[in-house]
Amino acid sequence: MRLLAFGDSFVAGVGDPDHLGWVTRLVAGRQDLTLYNLGVRRETSALIATRWRREAEPRLATDEAVRIVFSFGTNDCTLENGAARVAVAQSLLHARAMLTEAAQICPVLMVGPPPTADEGVAARAEVLNEHLKALCARLQVPFIDVFRPLAADGLWRREALAYDGAHPGAAGYQRMADLVAAHPAWRSFVAAG
């Protein structure tokens with residue numbers, strides 16, 4: 001199976017001293033799975049929407065089962081020139097377009113944005129998370145909400161504060177990987193296809 005993971009710096013694993021992030025930790029030990037980590041630092045939903053199909057194409061030419069994971073949103077919620085980089089309505093339009101198109105190719109899953117130590121960004125990301133969850137329900141795309149559990153246990157925030165205010169270290173990424181791995185949607189998503 002091929003797993004294509006599209007997203008931002010959290011998908012890329014920025015801040016992880018082991019350079020694994022949550023996606024690589026999530027699939028560790030799965031010899032039956034080839035991971036393509038396509039996370040790019042500072043990318044918003046708008047930027048991911050412009051590149052995902054082009055980057056997916058050469059990885060889809062296979063007789064293996066393919067799965068696509070999307071995870072983004074925090075960068076949409078960061079402020080630039082006094083406003084969110086991408087408005088919620090635009091984030092949802094980008095998400096709808098990507099999820100709808102990708103679902104015509106193969107099974108798709110969305111992992112919501114994680115929190116940050118910046119309270120303003122975190123508050124906006126929590127709102128976006130709820131909208132993404134509702135959108136995925138309407139589209140019948142599995143959604144894994146990691147925001148609340150990561151915010152509640154405090155580990156992610158502590159590690160983010162120790163680094164750059166947004167990205168955790170190894171333990172935070174492991175916690176996110178564990179949350180995703182334990183979710184029934186993930187287990188059925190990566191079941192032999």
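Figure 1. At 81% relative accessibility, Asn81 counts as exposed; exposed means over 50% relative accessible area, buried under 20%, and partly exposed in between, with a 1.4 Å probe and protein chains only. Asn81 lies in the loop between β4 (79-80) and β5 (83-84). Helices (H or I, at least four residues) and strands (E, at least two) are DSSP runs, numbered from the N terminus. The phi of Asn81 is near 55°, a positive value in a residue other than glycine. Most residues other than glycine have a negative phi. This is a predicted model, in which local features need pLDDT of at least 70 and side-chain atom pairs count only at pLDDT 80 or more, while totals for chains, interfaces and linings use all residues. Residues are numbered from 1 along each chain as its sequence is written, and side-chain values use heavy atoms, with hydrogens and water left out.

**Figure 2. Arg42 also has a positive phi.** Its value is about 70°, although Arg42 is not a glycine. Arg42 is found in the loop between β2 and α3. Arg42 counts as partly exposed because its relative accessibility is 47%.

**Figure 3. Five strands form an open sheet.** The strand order is β2-β1-β3-β6-β7, with parallel pairing; two strands pair if DSSP finds at least two bridges between them. β2 (34-39) and β7 stand at the edges with a single partner strand each, so one side of each has no neighbour in the sheet. Six bridges join β1 to β3, and the bridge partner of Phe6 in β3 is Phe70. β3 and β6 pair over three bridges, with Val108 in β6 as the bridge partner of Ile68. Two bridges link β6 and strand β7 (residues 143-144) in the parallel sense, and Met110 has Phe143 as its bridge partner in β7.

**Figure 4. Strands β3 and β6 have buried residues on both sides.** In a regular strand the side chains alternate between the two faces of the sheet. Six of the six residues of β3 are buried. Val66, Ile68 and Phe70 are on one side of β3, and Arg67, Val69 and Ser71 are on the other. In β6, Val108 and Met110 point one way and Leu109 and Val111 the other way, and all are buried.

**Figure 5. Ala5 is a buried residue of strand β1.** Its relative accessibility is 2%, so Ala5 counts as buried. Ala5 stands opposite Val69 in β3. Ala5 and Phe70 are 65 residues apart in sequence, and their C-alpha atoms are 6.0 Å apart in space. Not counting residues up to four places away in sequence, Ala5 touches Val11, Val23, Leu35, Tyr36, Asn37, Leu38, Gly39 and Val69; contact means heavy atoms within 4.5 Å.

**Figure 6. The largest nonpolar core has 30 residues.** A nonpolar core is a set of buried Ala, Val, Leu, Ile, Met, Phe, Trp, Tyr and Cys residues joined through side-chain atoms within 4.5 Å. Leu4, Phe6, Trp52, Ile68, Phe70, Leu99 and Met110 touch the most other members of this core. Two or more residues come from each of β1 (2-7), α3 (45-60), β3 (66-71), α5 (88-103), β6 (108-111) and α6 (119-139). α6 gives the most, with seven residues. A second, separate core of 27 residues includes Ala5, Phe10, Leu33 and Leu179. In soluble globular proteins, nonpolar side chains tend to be buried together.

**Figure 7. The surroundings of Met110 include Leu99 and Leu132.** Leaving aside neighbours within four places in sequence, Met110 is in contact with Phe70, Ser71, Phe72, Leu99, Leu132, Cys136, Val141, Pro142, Phe143 and Ile144.

**Figure 8. Helices α5 and α6 pack against each other.** Their angle is about 35° and their axes are 10 Å apart; axes are lines fitted to C-alpha atoms, for helices over the stretch in contact, and angles run from 0 to 180 degrees between N-to-C directions. The crossing of α5 and α6 is right-handed, meaning that the near helix is turned clockwise from the far one by less than a right angle. Val88, Ser91, Leu92, Ala95, Arg96, Leu99 and Thr100 in α5 meet Leu128, His131, Leu132, Leu135, Cys136, Arg138 and Leu139 in α6. The residues of this contact divide into nine nonpolar, three polar and two charged. Here Ala, Val, Leu, Ile, Met, Phe, Trp, Tyr, Cys and Pro count as nonpolar, Asp, Glu, Lys and Arg as charged, and the others, Gly among them, as polar.
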